[in-house]
4 protein chains.
Amino acid sequence: MIKIGIVGGTGYTGVELLRLLAQHPDAELTAITSRGEAGMAVSDMFPSLRGHVDLKFEDPAKANLAACDVVFFATPNGIAMQQAPALLAAGVRVIDLAADFRIRDVAEWERWYGMQHACPDWVAKAVYGLPELNRDTIRGAQLVANPGCYPTAVQLGLMPLLESGAVETGHLIADAKSGVSGAGRKAETHILFSEAGDNFKAYGVAGHRHLPEIRQGLTSMASKPVGLTFVPHLTPLIRGIHATLYARIEREIDFQALFEERYASECFVDVLPAKSHPETRSVRASNMCRIAVHRPQGGDTLVVLSVIDNLVKGAAGQAVQNMNIMFDRDEKTGLWQLPVLP
Amino acid sequence: MIKIGIVGGTGYTGVELLRLLAQHPDAELTAITSRGEAGMAVSDMFPSLRGHVDLKFEDPAKANLAACDVVFFATPNGIAMQQAPALLAAGVRVIDLAADFRIRDVAEWERWYGMQHACPDWVAKAVYGLPELNRDTIRGAQLVANPGCYPTAVQLGLMPLLESGAVETGHLIADAKSGVSGAGRKAETHILFSEAGDNFKAYGVAGHRHLPEIRQGLTSMASKPVGLTFVPHLTPLIRGIHATLYARIEREIDFQALFEERYASECFVDVLPAKSHPETRSVRASNMCRIAVHRPQGGDTLVVLSVIDNLVKGAAGQAVQNMNIMFDRDEKTGLWQLPVLP
Amino acid sequence: MIKIGIVGGTGYTGVELLRLLAQHPDAELTAITSRGEAGMAVSDMFPSLRGHVDLKFEDPAKANLAACDVVFFATPNGIAMQQAPALLAAGVRVIDLAADFRIRDVAEWERWYGMQHACPDWVAKAVYGLPELNRDTIRGAQLVANPGCYPTAVQLGLMPLLESGAVETGHLIADAKSGVSGAGRKAETHILFSEAGDNFKAYGVAGHRHLPEIRQGLTSMASKPVGLTFVPHLTPLIRGIHATLYARIEREIDFQALFEERYASECFVDVLPAKSHPETRSVRASNMCRIAVHRPQGGDTLVVLSVIDNLVKGAAGQAVQNMNIMFDRDEKTGLWQLPVLP
Amino acid sequence: MIKIGIVGGTGYTGVELLRLLAQHPDAELTAITSRGEAGMAVSDMFPSLRGHVDLKFEDPAKANLAACDVVFFATPNGIAMQQAPALLAAGVRVIDLAADFRIRDVAEWERWYGMQHACPDWVAKAVYGLPELNRDTIRGAQLVANPGCYPTAVQLGLMPLLESGAVETGHLIADAKSGVSGAGRKAETHILFSEAGDNFKAYGVAGHRHLPEIRQGLTSMASKPVGLTFVPHLTPLIRGIHATLYARIEREIDFQALFEERYASECFVDVLPAKSHPETRSVRASNMCRIAVHRPQGGDTLVVLSVIDNLVKGAAGQAVQNMNIMFDRDEKTGLWQLPVLP
């Protein structure tokens, strides 16, 4: 059994981790911390877990996280970089679901996140946890930076194209739409039901924190700098990201075959038949990413559609997938839940 | 392995059966029929099942259902009574998710459902598949009438009260609210997104088909005729039923303890602590029923709150639970999915 | 022109008042206050008002509210009782959309609202602003206590029955469902989109602040104390209240005719034909209340269905209706907006 | 008074026309037709109109439409081209809300709409009813082709750019998201609440009927052929279109000023301050279009955000605006409804 700790379990990525790990045959949940809710039974906050999770939230200062094999940080940005180093020093493996270790350029990270980084050395040692890109280095990693939700959907949708060198890379466009749970479980006005319901809007057009993360990944795939316009939107659904990606063709190849071959052995990426339109609900509550490739009217603009559940493949599910890789389990262990439709 | 056939798999109870059975360790899906979609791959209609269900819809006339151990009817009312008798005669066990065998009084059934019953003799032999009430007779049943969604939520909410004899039974009130998936996957105007969304209404106040089914069950629990006012409402959520039940106290007992004791050994009924307010999402996509008992201002009116997922405990999940009982499996087999929250 | 001030215009009742008053031919918006947003243009907070409302939020201490003919308080409970007396003393008329002056029994108010009342004398002088009940006294009132949203829907639904003396009054039941905007525009976790969306729950079953307000009104209509069980529910729509009301018949009369006659001359109460099921969207964004009366299976339990838009007839619209009465305008002035459907 | 007929009033554009025209001071609704619902009172189908619309649906063969000053066709594609010519010959003016007269190239229309055109001569005489583009020709038109919903949002968002000649026109991208009411009030499975709710998807990527309409308009604005990739999406809200538009800069100008000047005298186009993110609800139930212009990170890709209510500015409201222009009324007559927020 893998002994597991969770730091910060009161948000959506936290409760989703609990849902997945409570059903994982090799996971032993040993501690979960929350400064604000110490002493409260987890299932009092989340009655959906009654009978399946018996833990209480513990004060972070008192929890014996160092006895865990792996600790997940499901905390706001800026916490893991403070607390992870001590655990790492004690030999614990760490998976950070926040952004602290995702951007290799520390100065750029500090610019986008508006704080000074507390442990730049661990940034250099962290592995970016996108299994379809970095499976082998994840296996031996002590610290995994779990990708953001938009970055997962966008990178999986563009990876085959960039690796192939068949598209122009100077003016990529990612028009992405997210369900509201992506904004977290914070009490903020703009994500109230009566604000975000029956409403649609773009946000962060001037610059969203996932932009440098995506650009870093695309640059690596293309082996050269890429230009990217990234426009995120808030859409009135709870779970789901839909990325609509645009790229101009530079060299003719069979793009459907390109995607099918690239992901042939991936268990969590499903390339749909040509002309398909993946729906977010086709992956709801599951760790799948589904992708379709279009070339409207046979022109020179490719349109790639990529959907994930932002809380699963875009957060907690991918974190468990990374844990399975790190601890030599079958990658699908505990992640066989079929999508919930309707 | 239990060899399984499904008649009519293109509706919501059908796809939910597929989701659950595809993950059931003892289930072998062998045939699924649909007159309209014969030849189509199930996963082409429901991409959420890609990679997990390889069946094609078969013409009902050609499918070898008689070779199955059990056949589920996920059909509109009036189909199972036509097609089940031949299978039953061949020794196949049948679980009907429609209403054909739920009402023991055939004349009353014909009045509410507006058709003549095709096999009244099988009505007499059918077992009403509410495990918490009829577990022992379900075990040996050849034909199980799976309860309706409202009847499941209402009966589980009132059962302890009626069995106790502590409440007045002449004027029970069940004010029930259902998600839109309860109306099925038929192309009808009133359940369009733009009609049912951002909207709330009662319907069928003059008389809903689930009324006689509920009344029959309550009468049996109370061992005397009961009076019931049942008002269903359509609420803009996909899955979920919330029943708010009102009964006047005739005899003082500890009602919280009554419920806790009645359901102490039930794995799919969870009695919440006093003063709780169960949410439909706390059971979303799971087979649980959660119940809370209130006595506002210490008066003589009890208020019981009961929530289920109409497609799981209110349909497909309860059907699988019945199958587990009929085939001597642990009742929870294949039904361990934790609720999806948020 | 009626010179109008609004105290506290950043919540939903505030912005709804602005929407209605900006279109009111006799209304001159002269000041709107907000402590937190002083200096901000109203249309910067609510772009829907761009080009129609040119005011800026003013500091309450600096706004010249005493120069207004009428001041609306769209504030949290407990503010109007502090600030209204000075305005009233200066001869300004006041309409309070909060609860400060609704309950005549000050001790009971203090018990339910958990604070000491600042001006009990004005409670005695205030008129409860339900025009269908108190039109004549509203006309001359200096201070109007605008009814709550649930109380409006429930009282209009039960008024004819209680005035008739034809129903039992000891055990009335009001099962009410509200859209999420009824909870206001406060940043609170439980009304986030990802919490309240695709979810249904009861709340406040042990006791909701609208209970004493409703009971006071019903008692007055029945001319004797009434017993009421009131269960509010949160439903995933933005606007709308649906009250399902249950009463036992004590004396036979024509209940459909009773309702039609009682409301024959009311412009904002629409009694639907027998067997109708009013939808919340049939009154969305309008000041109408629609009511249908049912007697299921000809039994002795009446079911009354009553729908309003909680922000209009349940708050801002009714406040404007009261203003029209107070200032001798046609009651419909500025309130002719047709419901928005779909 | 303008005597008005409506052909086909049972869909969403029909009921929205009724909502607007019932409040229009110069409109006299004289006839409304529906083959399927002849004899039914309009307010029985749409209770939101009770007390405001007293018409009954008439059989199209019997209604005296020739006595009207103007007839609106709110019918499926292919009806107006059959029925309008007789009315036009009788001197009646016609506004077609469907697509029959929008595309000037009849062969291309026939290819996209899959039928033979019944009156190509009237296509040549029809005026495309986008007031911001064709106000002067609309004034004298006998037949107005009311623009589609996507085409309205996209063309208003790109018009200043194309007229300026400052952007590359070969590879424009329009990533558009529509509420479900845009798909009409037809009983179809894919727009059921349980299918379209809590779900997001693209559709028609290979080619949507609004593509040639948009391309025709953009070509006219640019005075040269344009290349356009148009990807529509279905989003779980009832009303609203959000178009996210991408264009590469070819020549440096002040784009914010360009938009502000182009629309300075337009009463229904509102250019927001720089860095704004218009929300669909900021125009809900109103005839406004709101637009914001962005240039992320100062790069060479412009992002224009354009929102409308698809049933108002995208259909019925624009039709009334056209009627006002055709009959020399103030363009805003009957269209002053403020957006409904929340």
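Reply: The account below begins with the helix pair and then turns to domains, copies and chain contacts.

The model is predicted, so numbered features follow set rules: local features need pLDDT of at least 70, side-chain atom pairs count only at pLDDT 80 or more, and totals for chains, interfaces and linings use all residues. Residues are numbered from 1 along each chain as its sequence is written, while chains are lettered from A and ligands numbered from 1 in the order in which they are written.

In chain B, helix α1 (residues 12-21) packs with helix α11 (residues 312-326) at an angle of about 45 degrees, and their axes are 9 Å apart. Helices here are DSSP runs (H or I, at least four residues), numbered from the N terminus. The axes are lines fitted to C-alpha atoms over the stretch in contact, and angles run from 0 to 180 degrees between N-to-C directions. The angle therefore makes α1(B) oblique to α11(B), a term for what remains once angles under 35 degrees (roughly parallel), over 145 (roughly antiparallel) and 65 to 115 (roughly perpendicular) are set aside. The crossing of α1(B) and α11(B) is right-handed, meaning that the near helix is turned clockwise from the far one by less than a right angle.

Residues are in contact if their C-beta atoms, placed from the backbone, lie within 7 Å. On α1(B) the contact uses Thr13(B), Glu16(B), Leu17(B), Leu20(B) and Leu21(B); on α11(B) it uses Val312(B), Ala315(B), Ala316(B), Gly317(B), Ala319(B) and Val320(B). By class, eight of these residues are nonpolar, two polar and one charged. Here Ala, Val, Leu, Ile, Met, Phe, Trp, Tyr, Cys and Pro count as nonpolar, Asp, Glu, Lys and Arg as charged, and the others, Gly among them, as polar.

Chain A comprises domain 1 (2-125) and domain 2 (149-310), with bounds from an automatic or database domain assignment. Their C-alpha centres lie 27 Å apart. Nine residues of domain 1 of chain A touch seven of domain 2 of chain A, and helix α4 (residues 106-113) of chain A gives the most to the domain 1 side, with three residues.

Between chains, the contact of chain D with chain C takes 25 residues from chain D and 26 residues from chain C. On the chain D side, helix α1 (residues 12-21) gives the most, with three residues. That side divides into 14 nonpolar, seven polar and four charged residues.

Note on methods
Two residues are in contact if their C-beta atoms, placed from the backbone, lie within 7 Å. Helices (H or I, at least four residues) and strands (E, at least two) are DSSP runs, numbered from the N terminus.
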